[in-house]
Amino acid sequence: MRSVFKFISLLANSQRRYIDHLAADREYSGAQGKLIHYLFTHRHTTVCQKDIEKAFGLRAPTATELLKTLEKKGLVKKVPDKNDARYKTIHLTPLADKYQEDVFHDMEQLEARLTDNISEDELNTWIQVSHKMLTNLSGGKNEK
């Protein structure tokens with residue numbers, strides 16, 4: 001038996017431990033660093049909590065707690081949307097800007113470690129298969 005689920009779990013746990021190790025001396029955890037990186041790379045677009053939930057496959061309560069923690073640390077702020085005050089857009093603070101280089105370095109280190117000794121063809125195949133697995137788990141709905 002191949003136990004695909006076991007390998008996916010091992011990969012996810014190892015990735016989490018590695019990024020937490022990289023962020024060990026930072027003001028934020030590895031998961032928080034990944035979210036900060038996402039916000040840096042989407043800085044010129046409107047980002048709300050739903051976008052974060054979709055991008056990371058998080059449930060609303062998990063995303064809420066992650067954002068609350070980053071708000072308490074002064075790294076993000078929620079701003080009422082110009083068109084609909086019920087919605088809040090997520091913005092990085094000037095304090096977060098101080099960590100931009102560290103965040104990008106950590107994500108590059110993670111990517112390099114994950115893809116070391118793997119060909120471009122192998123990576124493309126893995127991405128295609130992963131998309132199919134996500135589709136399978138979502139009941140056939142294409143989640144990209």
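By a salt bridge I mean a side-chain nitrogen of Lys or Arg within 4 Å of a carboxyl oxygen of Asp or Glu. Before I use the term, a word on the source: this is a predicted model, in which local features need pLDDT of at least 70, side-chain atom pairs count only at pLDDT 80 or more, and totals for chains, interfaces and linings use all residues. Residues are numbered from 1 along each chain as its sequence is written, and side-chain values use heavy atoms, with hydrogens and water left out.

How many salt bridges does the structure hold? There are six. One of them joins lysine 68 to glutamate 65, with the closest N and O atoms 3.9 Å apart. These two residues stand three apart in helix 4 (residues 60–72), and so about one helical turn separates them. Helices here are DSSP runs of H or I with at least four residues, and strands are runs of E with at least two, numbered from the N terminus.

A second salt bridge links aspartate 97 and arginine 43 at 2.6 Å, N to O. Aspartate 97 lies in helix 5 and arginine 43 in the loop between helix 2 and helix 3 (49–56), so this pair ties together parts 54 residues apart in sequence. I call a residue buried under 20% relative accessible area, exposed over 50%, and partly exposed in between (1.4 Å probe, protein chains only). Aspartate 97, at 34%, is therefore partly exposed, and arginine 43, at 35%, is partly exposed.

Arginine 26 and aspartate 25 also meet in a salt bridge, at 3.4 Å, N to O. Aspartate 25 is exposed, with a relative accessible area of 63%. Asp25, Arg26 and Asp106 are linked in a network of salt bridges.

Let us turn to helix 1. Which of its residues are buried? They are Gln15, Tyr18, Ile19 and Leu22. Seen down the axis of helix 1, these buried residues fall within an arc of 95°, so they line one face (the arc being that of the directions from the helix axis to the C-beta atoms). The face turned away from the buried side carries the exposed residues Phe5 and His21.

Finally, helix 7 has Leu123, Ser130 and Thr135 as its buried residues. Their arc is within 140°, so they too line one face of helix 7. The face turned away from that buried side carries the exposed residues Asp121, Gln128, Lys132 and Asn136. Just after helix 7, glycine 139 takes a positive phi of about 80°.
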